Amino acid sequence: MAVAGERNGQEAFGVDVGRLVVVGIGLIGGSLALGLKAASGCREVIGVARRAQTCEQAVALGVVDRAVTDLGEILPELEVGDVIFVAVPTLAVEAVFTQLKDSLPAGVTVTDGASVKGSVVAAAKNVWGQVPDFLVPGHPIAGSEQSGVTAARDDLYIAHRIILTPLENTAAVHVQRIHTMWEAVGAEVLTMPVVEHDDVLAATSHLPHVIAFGLVDTLAHDAENENIFRYAAGGFRDFTRIASSDPVMWRDIMLANRDAILKAIDLYTSNLESLRSAIASGDSEHLMGVFTRAKAARDHFTKMLAKKAYTEIMEAKEVTFVARPGGAVNGDLRVPGDKSMSHRSIMLGSLAEGVTEVEGFLEGEDALATLQAFRDMGVVIEGPVNGRVTIHGVGMHGLQAPPGPLYVGNSGTSMRLLAGLLAGQAFDSVLTGDESLSKRPMNRVANPLREMGAAVETAEDGRPPVKINGGQSLRAIDYTLPMASAQVKSCVLLAGLYAEGDTRTTEPAPTRDHTERMLAGFGYDVNRDGPRASVRGGGKLTACHIDVPADISSATFFMVAASIAPGSDVLLRHVGINPTRDGAINILRAMGADITLENRREVGGEPVADIRVRYAPLKGIQIPEDQVPLAIDEFPAIFVAASCAEGETVLTGAEELRVKESDRIQAMADGLKILGINAEPTPDGIVIQGKGGNGEVAVFGGGEVDSLGDHRIAMSFAVAALRASADIRILHCANVATSFPNFAELAQGAGMDLEVR
Ligand code: S3P
């Protein structure tokens with residue numbers, strides 16, 4: 001046995017594979033043999049095949065070092081650390097176990113590659129009376145429609161998943177040895193319970209095989225379709241490829257995983273039956289529902305496949321920006337659609353009667369999470385295609401229970417606004433999010449919803465997931481918000497649509513009013529009186545056309561970029577300048593920025609303008625507290641402007657910044673300090689000593705800063721590089737895609753030197 005710790009990946013376990021015995025030298029067994037040999041992952045590979053010819057072929061092809069037709073012949077040679085991989089058809093596994101029963105030397109690990117684990121466990125119990133501790137049931141999720149020793153490849157398992165289903169009594173050393181073996185051939189090893197494995201595989205692998213075999217057989221036997229294969233094109237070929245797989249293997253799988261497969265077939269049959277009825281009755285809505293949902297799911301899966309394996313996606317998610325120093329920004333730009341309005345357009349469009357058309361929709365991950373949530377609740381949504389979305393509204397009571405938890409990624413707006421809407425539904429629901437969202441406070445919405453009679457639960461400390469028991473009758477409340485939050489206000493108003501009576505919110509300071517405006521646009525009466533807004537439950541929404549303007553929050557990065565970089569002059573087209581969102585313009589102007597609003601107009605109830613920004617020297621200011629909620633998402637960029645200003649900038653009254661996608665006060669202060677700026681966080685703000693007065697172009701040094709996965713922190717530091725003396729490396733930038741998926745392209749086009757790694 002090789003010494004533990006010799007090879008990469010093996011140190012962690014201190015176990016190693018001595019000899020590998022492959023019983024069944026086909027595609028699965030032969031590929032492990034080849035892969036392990038290529039990786040020098042064992043001392044010797046011995047093949048066992050029923051036919052002498054296969055043995056000879058396997059040796060001649062170099063798949064195994066030697067081969068025998070009788071397993072019993074080599075068992076006496078085996079010793080501690082050797083592994084037997086049983087790679088025979090599922091129902092033949094028991095016969096192999098029987099041969100092992102009385103002659104297996106101690107310390108040898110046995111594993112298998114069968115697609116059904118319940119039957120392997122049952123076979124082991126039949127043979128040994130209980131599952132022995134050296135048996136590690138396993139299943140490589142890899143293969144092809146080809147079979148036999150000639151199909152074996154040494155790279156078959158690279159970046160593929162291997163599922164191990166050890167039992168409670170399986171000995172750790174054996175599990176670890178099998179782990180080591182699969183990792184040596186480049187696979188990713190997961191463990192799961194036997195039953196879960198068999199259910200998952202029934203749905204994702206066994207059912208597609210039943211359908212493919214069945215479809216091809218149907219067509220092949222249909223006399224009227226005699227010529228079918230002559231005319232069958234790509235669709236048939238792609239869909240039925242797996243019907244070329246090994247019949248014996250698949251017959252065994254069907255018999256071995258009977259119950260789970262029957263469950264999957266029944267579910268599929270009932271869906272196929274509904275599709276049949278929809279086609280028969282010309283129900284185009286139903287067809288569009290199934291097809292758009294399926295397309296969205298398949299597109300997502302295609303992206304995963306394109307990256308080969310999930311692990312690689314996780315790595316690809318590790319995006320680093322390298323922002324090179326200097327430059328200016330120039331040109332005529334249109335940044336993507338407003339995030340807040342994009343969310344609301346999907347929510348209200350879904351609940352409206354009729355078809356809502358949306359233009360300018362933000363195709364960023366946050367708004368797409370909302371879109372997916374409504375698809376999951378049965379709403380037919382076409383697109384987005386170039387910012388156009390068509391929503392087939394289902395009416396106030398037309399949502400259906402989602403099939404599982406609604407995952408909204410990084411998006412606080414989705415979670416909080418949806419919580420309000422879901423509180424009014426007849427069904428139960430659960431809202432979950434990513435790591436950042438899972439740390440954010442949800443009691444701010446759960447509490448008022450509970451006051452309205454909703455049944456809402458959160459995890460510890462009011463964190464997600466948020467569980468909502470539907471079917472409660474909601475009562476209107478008069479709610480005074482403890483903090484200036486448009487999300488909380490919107491949540492309560494949206495729940496109010498389902499409540500008995502007038503639901504009223506009173507906010508401590510003006511916050512974005514897109515919910516109020518858009519409700520009105522959908523024909524719902526909203527009473528507004530200064531800080532108060534109210535809606536009467538029980539009304540209806542009527543579909544409309546929505547033109548989403550460019551997001552002022554995204555535009556701000558270019559407003560700051562142009563303001564700090566000498567020689568800059570940009571025109572930002574069609575930007576929403578709603579007075580509840582224009583704090584960044586006001587604050588930057590107060591600092592001396594040269595910002596003019598051109599072509600002011602109103603589009604679909606929202607004020608819009610083209611914003612021209614030219615470089616101008618900035619000075620530090622005390623930021624007026626009444627501007628804080630109006631610029632709440634823009635502070636990371638404003639802090640960069642403040643660093644380039646002459647003198648001190650002081651922000652107070654902004655404690656809300658600490659509970660955004662990250663603690664934005666701390667994250668910015670930490671990064672700015674690394675770049676040589678004196679930035680002192682305070683409980684509710686920050687004090688920044690601007691370096692703009694020192695007569696030098698560079699105010700930031702270079703260095704590595706962490707965006708903590710917060711999109712706005714990442715983009716702000718990219719902008720800072722315009723006035724840096726060396727590269728700024730910004731870590732964890734993947735979430736820029738939540739709000740501004742084409743930021744890097746636009747920034748490069750405007751003149752910033754930004755590399756995405
Ligand atoms: C938003 C409201 C704000 C803002 C967020 C979007 C909205 O959050 O920060 O990006 O669309 O209602 P708060 O309500 O938590 O301030």
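Guide: Let's start with S31: setting aside neighbours within four places in sequence, S31 is in contact (heavy atoms within 4.5 Å) with G26, A152, R153, D154, L156 and Y157. Before going on, a word on what you're looking at: this is a predicted model, in which local features need pLDDT of at least 70 and side-chain atom pairs count only at pLDDT 80 or more, while totals for chains, interfaces and linings use all residues. Residues are numbered from 1 along each chain as its sequence is written, and side-chain values use heavy atoms, with hydrogens and water left out.

S31 sits in helix 1, which covers residues 27–38. Helices here are DSSP runs of H or I with at least four residues, strands are runs of E with at least two, and both are numbered from the N terminus. S31 counts as buried because its relative accessibility is 0%; the cut-offs are under 20% relative accessible area for buried, over 50% for exposed and partly exposed in between, using a 1.4 Å probe and protein chains only. The S31 side chain also reaches back to the backbone oxygen of L27, at 2.6 Å. That makes a polar contact, meaning N or O atoms within 3.5 Å, where within protein one must be able to donate a hydrogen and the other to accept it, and residues adjacent in sequence count only if both atoms are side-chain atoms.

Now let's step back. An automatic or database domain assignment sets the bounds, and the protein chain is divided into domain 1 (2–192), domain 2 (200–282), domain 3 (321–329 + 549–756) and domain 4 (340–547). The centres of domain 2 and domain 3, taken over C-alpha atoms, are 55 Å apart.

Not counting residues up to four places away in sequence, I564 touches Y615, L618, V640, A641, C644, V719, L722 and R723. L449, by contrast, is 115 residues from I564 in sequence and 44 Å from it in space, C-alpha to C-alpha.

A disulfide would be a pair of cysteine sulfur atoms within 2.5 Å, and a search of the whole structure finds zero of them. C42 is in none, with the nearest cysteine sulfur, that of C55, 17 Å away. C733 has its closest cysteine sulfur in C644, at 19 Å, which is too far for a bond. Both cysteines are buried, C42 at 17% and C733 at 2%.

On to the sheets, where two strands pair if DSSP finds at least two bridges between them. Three strands form an open antiparallel sheet in the order 29-31-30. Strand 29 (646–651) and strand 30 (678–682) are the edges, each pairing on one side only. Neighbouring strands are turned by 10° against each other on average, direction ignored; axes are lines fitted to C-alpha atoms, for helices over the stretch in contact, and angles run from 0 to 180 degrees between N-to-C directions. Six bridges join strand 29 to strand 31 (residues 685–691), with E648 opposite Q689 and E646 opposite K691. Strand 30 and strand 31 share five bridges, with A679 opposite I688, and they form a hairpin with two residues between them.

Helix 22 (residues 635–643) packs on it, touching strand 29 and strand 31, at about 35° to strand 31. Helix 23 (residues 664–674) lies across strand 30 and strand 31, at about 160° to strand 30.

There's also a four-strand open sheet, in the order 11-26-28-27, with mixed pairing. Strand 11 (330–333) and strand 27 (594–603) each have a single partner strand, so one side of each is left without a neighbour in the sheet. Strand 26 (residues 569–576) and strand 28 (residues 606–614) pair antiparallel over six bridges, and L571 has R612 of strand 28 as its bridge partner. Helix 21 (residues 583–590) packs on this sheet, touching strand 27 and strand 28, with its direction at about 155° to that of strand 27.
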